[in-house]
Amino acid sequence: MTSDLNPRAGAILTVDLGTVVANWTQLRDRVAPADCAAVVKADAYGLGVARVVPALAAAGCRTFVVAQFEEALAVRRALEPVAPEAQVFSLGGLPAGCEGEFIANRILPVLNHLGEIAAWRAFAQSRGEVLPAVIHIDTGMNRLGLGPDELDALAGHPEWLEGIEVRYWMTHLACADEFDSPMTGEQRDRFRAALARLPKAKASFANSSGIFHGKDHHFDLARPGCALYGVNPTPHLPNPMLGTVRLDAKLLQVRNCTVPMTVGYGAAHKVTGPARIATIGVGYADGYMRSLGGKGHVFVDGVAAPIVGRISMDLITIDVTGLPESVVHAGRLVELIGPNRPVDTVAAEGGTIGYEILTSLGRRYHRVYVGGE
Ligand SMILES: Cc1ncc(COP(=O)(O)O)c(C=O)c1O
């Protein structure tokens, strides 16, 4: 996998579409008979919509979820040759005056407040048609969606939905990855209570972690994102998902330090005795966060080598003193993310979450896609 590095690239990012598909299939089977969507916002969590969407569509996925209209257009383009009939939701609502573009591109708006519901209804009536949409009920997130007052008002005025085909009522979980939190059950109960007051339609509830709370959290459509890409949806248990990305970076230079000296910006790392320091061609401009400076390891030929000093814009330094000279040489590849360094481990070391590591994956990496046919 690592021998075909573009000789000009500082690092190679390998995306395994086969494991993305296997992760989706696992979740699909877990939620059946409910349906399983794929959340592909932020360029499929950094892995690349143009490749991820066709692979998932070929595996049978027929619902794709994004955050913004422009992302929905990219998903539509990717779906065209494989599954043009698939549905695409845009979570970020209905920007004023854009109703026609949603219809022209067969993108379902997620209507987040009564104003958007009124605008969609007026547009449907102006066309003399019934138009589909998803409607978001807020059950505790306090971000987007109809709050309690708006829910009361809508429940009392079902005619406000005339001209709208409610494809799904949806809500979103605040604490699904905290399995001892009462919040998920409370949101489920509030969602059920809301559904009982509204015209009957399908319902969408669980994100990745929500799926693992059991059948009574699946409703009609699950919306996993991070688990598709290998982030652990059950942080208190071993990861049931497969890793999907591998990042290997090139060693640019190896330096023997014979006297006490310092390494990198701020002279943040001090070498006290004989040591060997190697420099890698990846930095914070590639999404390898500055907060990872002096933390964690990379793997050289399967052996851990600690990251030392600060992360620079384009460079990382590692201590390879304990490694045989035969494996540490300029041009060889070292593992920054992969089987020895799962995304969640790198994230924990950097004080963040796997989502942020993935969605920050750099544009300078030479990308290779494998699997997924
Ligand atoms: C509304 C909504 N549904 C589903 C998801 C997918 O969540 P996850 O990546 O935790 O599975 C997200 C992600 O932020 C979201 O905002």
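Mentor: Start with C36, whose sulfur has its closest cysteine sulfur in C61, 6.7 Å away, which is too far for a bond. This is a predicted model, in which local features need pLDDT of at least 70 and side-chain atom pairs count only at pLDDT 80 or more, while totals for chains, interfaces and linings use all residues. Residues are numbered from 1 along each chain as its sequence is written, and side-chain values use heavy atoms, with hydrogens and water left out.

A search of the whole structure for disulfides (pairs of cysteine sulfur atoms within 2.5 Å) finds zero. The relative accessible area is 6% for C36 and 16% for C175.

Next comes the backbone. Most residues other than glycine have a negative phi, and most peptide bonds are trans. The peptide bond from A32 to P33, however, is cis, with omega near 10°. P33 sits in the loop that runs between α1 (17-31) and β2 (35-36); helices (H or I, at least four residues) and strands (E, at least two) are DSSP runs numbered from the N terminus.

D43 belongs to helix α2, residues 41-45. Although D43 is not a glycine, its phi is positive, at about 55°. The place of F219 is the loop between α9 (208-211) and β10 (221-222), and with a relative accessible area of 21% F219 is partly exposed.

Last, the domains. An automatic or database domain assignment divides the protein chain into domain 1 (17-229) and domain 2 (245-341). Their C-alpha centres are 42 Å apart. An unreviewed UniProt entry places the feature "domain: Alanine racemase C-terminal" at residues 244-370; UniProt positions follow the numbering used here, feature names are shortened, and annotations may be inferred rather than shown by experiment. In the model, residues 244-370 are 10% helix and 39% strand, and the end C-alpha atoms of this span lie 10 Å apart.

Definitions and conventions: Buried means under 20% relative accessible area, exposed over 50%, partly exposed in between (1.4 Å probe, protein chains only).
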